[in-house]
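Please look through the sequence and the model before reading on.

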Amino acid sequence: MDTLYLIAVTIIKTAIYFGLLMLHVAYATYAERKVIGHIQLRLGPMVVGPHGILQPIADIIKLIFKEDIIPSAVDRRIFTIAPLISLTAALSTFAVIPVSEGWVISDINVGILYVLGIAGIGIYGIIFAGWSSNSKYAFLGGLRSAAQMISYEVALAMSLVGVILMAESFNLTEIVNKQAQYPMGMFLLPQIIGYFVFVVAMLAETNRVPFDLPEAETELVAGYFVEYSGIRFSLFYLAEYLAMFCMSALATICFWGGWTVPPFLVEIFPFIGIIPGVVWFLLKVYFHMFLFFWLRGTLPRYRYDQLMSIGWKVLIPLALINIVITSIIKYYS
Amino acid sequence: MGSEILLRDKYLPVLLVIAISIAIGVAMLLVSKFFRPKRPYTLKLTAYECGIPSTGDTWERFNVKFYIVAIAFVIFDVETVFLYPWALVYKKIGFYALLEMYLFIFILLIGYFYALGKNIFNWRKD
């Protein structure tokens, strides 16, 4: 009986959480087009609804009604299952991500390991898609993407070791609470090297500009999902944006103090304390999402050899130095 | 609270979320299957290679560097796996743990510089 109650509560929580999450993802695509449009002195989508506000809904309907083309030369079983793997991996990471004190589906004590582990499974979706398509572009895109993601995953995981050294916990709620005693209520200043490494690695992990080599339109057309169409394509698209939200949330939780208000702001504006934590959390996540869009509108793409040397020759040594410095300071304080 | 109860309370929801995630993906595919047209013909079902007839198979040999990077990844990922529990408990163990981990990182750095010397992270031809 108790287990049934637990299951019911979880399903309700997940329905609310995922419902709002999907809304955010849909409007992230709209926000991206608007932001990039304005950066390039265009207006972005303007036709569907006032200022194009209903554009994401129109897009969803269009993608559902599109034909699902499965080329005859593909490895059918792997080809059809690859987008599902990507989506499942991206979506399940949110099981442990808290949006405010106690507002989480399951507050497990190895939260950070779970997020990194499940997010890592997403790579399989991309490799499977690239391999099974039996198309040269998809194949090259898949290979590039696999090498890129595993290279930057090392840097990403190492940059978080500094945070764990400071927080002495894998639990995401605990990590947020530990940040209260540091300047601005964040790990941002003491972990500034770690944050830098994390942000660069998160751009590469989500295959975003300036590291969007797997998709490189000008040379690989669309990379690993060149053969996908209709709903399967949109599953990959969804997975990419979910991964961006996941990384933004992780950056917010680990470096920006999660849902807490920076203490100096409360001192200047005392009334600010009544704003609920989830608003702060979302603002910080939106900032990181904006960073993704902003960089996409501003930066050109790296070459492949540059990508590899940044990952292995700059980020990993930086992350190791960060670990050594943090552990010494933490030990003698 | 017994550890079994703890395990159930914390990890059953996680399992459920994973199941729901799969269900969402499958549901989207099914909904689309209901609405979308299906009009395949031979040319539509060929691999897209910019309109030029595709030659040969894709599943052939490719650059060995991808393998080497994968091997380097395994080594460094295992290192990270060791760093994580260490980061959690090194203060309780004391100075010994600090020194031990530096030794571990140092040994890995030797391997790292060997790999650098072998140019495995250098993807330029020249």
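In which crossing, left-handed or right-handed, does α9(A) pass α11(A)? The crossing is right-handed, where right-handed means that the near helix is turned clockwise from the far one by less than a right angle, and left-handed that it is turned anticlockwise. This is a predicted model, in which local features need pLDDT of at least 70 and side-chain atom pairs count only at pLDDT 80 or more, while totals for chains, interfaces and linings use all residues. Residues are numbered from 1 along each chain as its sequence is written, and chains are lettered from A and ligands numbered from 1 in the order in which they are written.

**Chain B as a whole**

- Chain B has three helices and zero strands, arranged along the sequence as α-α-α; helices (H or I, at least four residues) and strands (E, at least two) are DSSP runs, numbered from the N terminus.
- The radius of gyration of chain B is 25 Å, whereas a compact globule of 126 residues would have one near 14 Å; the radius is taken over C-alpha atoms, and the globule rule is 2.2 Å times the number of residues to the power 0.38.
- Along the principal axes, the C-alpha atoms of chain B fill a box of roughly 70 × 60 × 15 Å.

**Helix packing in chain A**

- The axes of α9(A) and helix α11 (residues 277-298) of chain A come within 9 Å and cross at roughly 125 degrees, which makes α9(A) oblique to α11(A).
- Axes are lines fitted to C-alpha atoms, for helices over the stretch in contact, with angles from 0 to 180 degrees between N-to-C directions; under 35 degrees counts as roughly parallel, over 145 as roughly antiparallel, 65 to 115 as roughly perpendicular and the rest as oblique.
- Helix α5 (residues 136-167) and helix α12 (residues 304-331) of chain A pack at about 15 degrees with their axes 9 Å apart, and they are therefore roughly parallel to each other.
- α5(A) passes α12(A) in a left-handed crossing.

**Where the chains meet**

- The contact between the chains takes 58 residues from chain A and 52 residues from chain B, two residues being in contact if their C-beta atoms, placed from the backbone, lie within 7 Å.
- α5(A) gives 12 residues, the largest share of the side of chain A that touches chain B.
- A:I150 is found in helix α5 of chain A and is buried, with 22 other C-beta atoms within 10 Å.
- Apart from neighbours within four places in sequence, A:I150 is in contact with A:I123, B:A70 and B:F73.

**Backbone details in loops of chain A**

- The peptide bond from A:V209 to A:P210 is cis, with omega near 0 degrees, and A:P210 is found in the loop between α7 (192-205) and α8 (217-220).
- A:L41, in the loop between α1 and α2, has a positive phi of about 55 degrees although it is not a glycine, and A:L41 counts as exposed, with 6 C-beta neighbours inside 10 Å.
- A:E168 has a positive phi near 55 degrees and is found in the loop between α5 and α6 (172-178); with 16 other C-beta atoms within 10 Å, A:E168 is partly exposed.

Terms used
Buried ≥ 20, exposed ≤ 12 C-beta atoms within 10 Å, placed from the backbone.
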